[in-house]
Amino acid sequence: MDEMNDKFNVTYITFVGHVELNKYRFLYFAIMFTAYILILCSNSTILCLIWIKKSLHEPMYIFIAGLLLNSVMFSTNIYPELLIDFLSDKQITTHSLCSFQAFIYYSLTGSEFFLLAAMAYDRYVSICKPLQYTSIMKKTTIIILLGLAWLLPACQLVPSVVMSQSYKICNFTLNGIFCNNAISKLYCDTSRTTYIIYGVFILLNTIFLPLLFILFTYTKIFIICYRSCREVRKKAAQTCLPHLLILVSFSCFCSYDIIIARLEMNLPNVARFILTLQVVLYHPLFNPIVYGLKMKEISKHLKKLFCEGKLNIWQSSC
């Protein structure tokens, strides 16, 4: 690897997180390729439904569409390179591409929390201030919230990408299957201290602050619902429960990334490999399943779409 670095004047990083890749490479490829297709199809189907159906052109469904689009981008950042690595003799990437992948990975992770915070605010206004809902949740408000959800995390992460390019690399092997927090272990000890402190600052801004805001808004919602009639409680449960399920799910996966990668916990390679696959497998699939089944309006349109599809297939076969 050092020879390649010298020959092409490019810094190459080797992934060493795969488990028995030579033996199971085609099985890994088949599973991950199927998962990627399912993620693209399931998220895109609901995304297109929200785009096409005028009855779904409401703030809550627009934020759901943003969340689903975020899942598609999150998966596209990881899966193509992962699939190529499964079929390659050497699992390598350049330092620049690794930094870019980590940037997109954490930018979209932060966007997920900001989008969930925007959805929590929308539910808060809808349930706690119903008479002011239309005046507060205007088209411009929605555009601003969506823009901030994607721009704020990205802007905060730009300095880390710039800094990483100037750091001296002392380790050319990354204990993982894609670029995440583990990239900090590539740098020499003198460089890593600043990188880790900056990482904690990003963690507070992009995860903990939105999380506190979400918990605050849902606490207010639950207090209002507790004091209200049964109909209000039912409405709150129908619209808030899916968001809370997604929040708990995503928080659990983020906690893995923080505890294992950032705090440098030593795990067997098999356990680390399985946990990493869970992060990129479950959550992007969990979003469309939860919103497709739990959101009444989306579920209704999905059932209608599939019924029409079955009818067309039956008519064409006749």
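H283 touches E112, I246, S249, F250, F253 and Q278, when residues up to four places away in sequence are not counted. This histidine lies in helix α9, and H283 counts as buried because its relative accessibility is 4%, where buried means under 20%. These values, like the others in this report, come from a predicted model.

**Overall architecture**

The chain contains ten helices and three strands. Along the sequence, these elements follow the pattern α-β-α-α-β-α-α-α-β-α-α-α-α. Of the 318 residues in the chain, 48% are buried.

**The nonpolar cores**

The largest nonpolar core has 47 residues, and the members that touch the most others are I50, Y61, I64, L116, I221, Y291 and I298. At least two residues of this core come from each of α2 (21–52), α3 (59–87), α4 (95–128), α6 (139–166), α7 (189–227), α8 (230–262), α9 (269–294) and α10 (296–317). The greatest contribution to this core is that of α4, which gives twelve residues. Apart from this core lies another, of 30 residues, including I39, I78, L83 and A154.

Which residues does I64 touch, not counting residues up to four places away in sequence? The partners of I64 are I50, M119, H243, Y291, M295 and I298. I50, Y291 and I298 also belong, with I64 itself, to the group that touches the most other members of the largest core.

Two packed helices are described by the angle between their axes and the distance between the axes.

| Helix pair | Angle between axes | Distance between axes |
|---|---|---|
| α2 and α3 | about 160° | 9 Å |
| α3 and α9 | about 155° | 10 Å |
| α3 and α6 | roughly 20° | within 11 Å |

With an angle of about 160°, α2 is roughly antiparallel to α3. The crossing of α2 with α3 is left-handed. By class, 25 nonpolar, four polar and two charged residues take part in the contact of α2 with α3.

Are α3 and α9 roughly parallel or roughly antiparallel to each other? Their axes make an angle of about 155°, and angles over 145 degrees count as roughly antiparallel, so α3 and α9 are placed in that class. The crossing of α3 and α9 is left-handed. On the α3 side, the contact involves I64, L67, L68, S71, F74, S75, I78 and Y79, which meet V279, V280, L281, P284, N287, P288 and Y291 of α9. Twelve of the residues in this contact are nonpolar and three are polar, and none is charged.

The contact of α3 with α6 comprises nine nonpolar, two polar and no charged residues.

**Two further buried residues**

V72 is found in helix α3. This valine is buried, with a relative accessible area of 15%. Leaving aside neighbours within four places in sequence, V72 is in contact with L40 and N43. The C-alpha atoms of V72 and C41 are 9.5 Å apart in space, and the two residues are 31 residues apart in sequence.

Where is Y218 placed? Y218 is in helix α7, and at 3% relative accessibility Y218 counts as buried. Its contacts, leaving aside neighbours within four places in sequence, are A120, R123, C240, H243 and L244. Although Y218 and R123 are 95 residues apart along the chain, their C-alpha atoms are separated by 8.4 Å.

Definitions and conventions:
Residues are numbered from 1 along each chain as its sequence is written. This is a predicted model: local features need pLDDT of at least 70, side-chain atom pairs count only at pLDDT 80 or more; totals for chains, interfaces and linings use all residues. Side-chain values use heavy atoms; hydrogens and water are left out. A nonpolar core is a set of buried Ala, Val, Leu, Ile, Met, Phe, Trp, Tyr and Cys residues joined through side-chain atoms within 4.5 Å. Buried means under 20% relative accessible area, exposed over 50%, partly exposed in between (1.4 Å probe, protein chains only). Helices (H or I, at least four residues) and strands (E, at least two) are DSSP runs, numbered from the N terminus. Contact means heavy atoms within 4.5 Å. Axes are lines fitted to C-alpha atoms, for helices over the stretch in contact, and angles run from 0 to 180 degrees between N-to-C directions. Angles under 35 degrees count as roughly parallel, over 145 as roughly antiparallel, 65 to 115 as roughly perpendicular and the rest as oblique. A crossing is left-handed if the near helix is turned anticlockwise from the far one by less than a right angle, and right-handed if clockwise. Ala, Val, Leu, Ile, Met, Phe, Trp, Tyr, Cys and Pro count as nonpolar, Asp, Glu, Lys and Arg as charged, and the others, Gly among them, as polar.
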